[in-house]
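Student: I am new to this structure and would like to go through some of its local features. Please show it first.

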Amino acid sequence: MDDLDATDRDSEYVRRLEAAVETTADAILVKDTEGRYQFANGATGTLLDYDPEEVVGRTDDEVFGPEAAGRLCEHETAVLETETERTFEVVLPVEDDEQVFEATCSPYYDADGGLAGTVCVYRNVTDQRVRERRLENQRDELETLDRINEVAQEVVRTLIGEPTRDEIAQAVCDHLVKTELYQVAWVGEPSPNGSKMTNVVGAGLDDQTRDLIDSIDASEDSIEPVPRAYYDGETHVVQSVPDDDSLPEQRREDILERGDRSGIAVPIRYGDTTYGVLSVGSDRLSAFSDRETDAFEVLGEVIGFAIGAVKHRRLALSDAVVELKFRLTDTESFYVAVTDELGCRLALEGMAAGPDGNLLFYDTVAGADTEEVLDYADEWDNVEDARLVSDRDDESLVEFTMSGSSLVVTLSEYGAKTKSATSEDGESTIVAELPADADVRSVVERVQTKFPDVELVAKREQDRQVRTTRDFRQDFDERLTDAQRTALRAAYFAGYYEWPRDSTAEEVADALGVSSPTFHQHIRKAQRELLGAFFDWDGDRP
């Protein structure tokens, strides 16, 4: 009876074991010591895309192919030799794709206790690994963006030390390479004739890299990423150096030999002017995601702003300047064409930033009916709007909203201040100042590259008059009448300019013993003189 009960118990155990083996979602496979499958449960068909009966009697080589079989054999041999359980990850071909499996492999023994083979349990963890990899990539991307933002912040901090253009570029490249995300970073610009890259500054530059830079076709017709970024003003990304047709075959081989697998070329821009290109290389394929590319584009704008700020500061602090006189006769220019067509004269009074990246030009117009000028401006695509601001006896002040490039703006972006800009009889004359130590030849060449019809007709060096704060106060004071000065002081000390106001205009007028309209007249004229003194002093007015 006891023997029968024991048999029943064993049969029940076997049934339960078989049920567990067949209902589990994991693939269970048994091999002999020669590596031939002896058993495969039902989940094998779902996970490995094999009918369990087809697997029995085969080897890994016959089921998965030699490459996957080699990976499995390495682990299972270790299990048989050490007779210990082993857990590992393996990539196996399934349905013309590759899946990741977590495998636990154990030795098993026959009834006599001899080593009979291995039992392996396979669990598909592909989706889990994809999620983990995605999260890891997101963390890496966020870390990369943080580091790029740190570089941008460092550029802004560098401005405090009154750096040069090369010092700004060097600081950027040093910080990028220091992150260890990139192996090389450099800044350069095509020479005016496009023969090669010039003014190269960078980090991670060895002789091989410098030879690569020297061999770049920097012409305007080049299809290579770096010159294209400069001339197009757009970022160019190379995600895979071996597969990018924009790089000549020999250059691809040289770049790969150096160790770079992907790269990015970012234009360094300020306004409409491109100062150069930031080129960065990585030993990772597809190292530049969309978000990372966006961050680099912002970095390029920050560098451009910094270089522009440095150029303007050099001019503001310079005791000596070089005065350049340009002549433009290109009839594609609105100012040249309008004076030729209508026989009028235009003189630039000042500029301001307008909407959507446009610029507001304020010009006095003489020698033609204002309505004719406005009608003529309406025919030009780059004149977005034009309106009469005021009439002044025999001349008028007109506001032009301009889009596109401008010689005056381009000069400003290269660090020059326009002293005067007049157009008459189909010819525009622009007089501008550069710091005495500026590379005048380079500025002129780049201006003429952008505006081929511009002619430099005069150049002279002169000392700049040093004006102090005391000079400014005295100049402003001389502009005011006694009544204007009194109204301005009373308004200031009475809190008229606070927000909210401590005193109204009526209260200040009453305190001065004048009518409210009289006070408004004095205060407006005084404010106009203050702004005039400031903008004349600051150089914002040509």
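Student: Is Glu83 buried, partly exposed or exposed?
Tutor: Buried means under 20% relative accessible area, exposed over 50%, and partly exposed in between, with a 1.4 Å probe and protein chains only. Glu83 has 41% relative accessibility, so Glu83 counts as partly exposed.

Student: What should I know about the model itself?
Tutor: This is a predicted model, in which local features need pLDDT of at least 70 and side-chain atom pairs count only at pLDDT 80 or more, while totals for chains, interfaces and linings use all residues. Residues are numbered from 1 along each chain as its sequence is written, and side-chain values use heavy atoms, with hydrogens and water left out.

Student: Where is Glu83, and what is its phi?
Tutor: Helices (H or I, at least four residues) and strands (E, at least two) are DSSP runs, numbered from the N terminus. Glu83 lies in the loop between α5 (66-82) and β3 (86-94). Glu83 is not a glycine, yet its phi is positive, at about 50 degrees.

Student: In which strand is Asn199 found?
Tutor: Asn199 is not a glycine either, and has a positive phi of about 50 degrees. With 41% relative accessibility, Asn199 counts as partly exposed. The strand that holds Asn199 is β7 (residues 197-203).

Student: How far apart are the end C-alpha atoms of helix α7?
Tutor: The expected span of a helix is 1.5 Å times one less than its number of residues. For the 14 residues of α7 (residues 165-178) this should be 20 Å, which agrees with the distance between the end C-alpha atoms, 20 Å.

Student: How are helices α8 and α10 oriented to each other?
Tutor: Axes are lines fitted to C-alpha atoms, for helices over the stretch in contact (heavy atoms within 4.5 Å), and angles run from 0 to 180 degrees between N-to-C directions. Helix α8 (residues 207-214) and helix α10 (residues 249-258) pack at about 160 degrees, with their axes 10 Å apart. Angles under 35 degrees count as roughly parallel, over 145 as roughly antiparallel, 65 to 115 as roughly perpendicular and the rest as oblique. Therefore α8 and α10 are roughly antiparallel.

Student: How are α12 and α13 oriented to each other?
Tutor: Helix α12 (residues 334-342) packs against helix α13 (residues 370-377) at an angle of about 135 degrees, and their axes are 11 Å apart. The orientation of α12 and α13 is therefore oblique.

Student: Which residue does a cis peptide bond join to Trp499?
Tutor: The omega of this bond is about -5 degrees.
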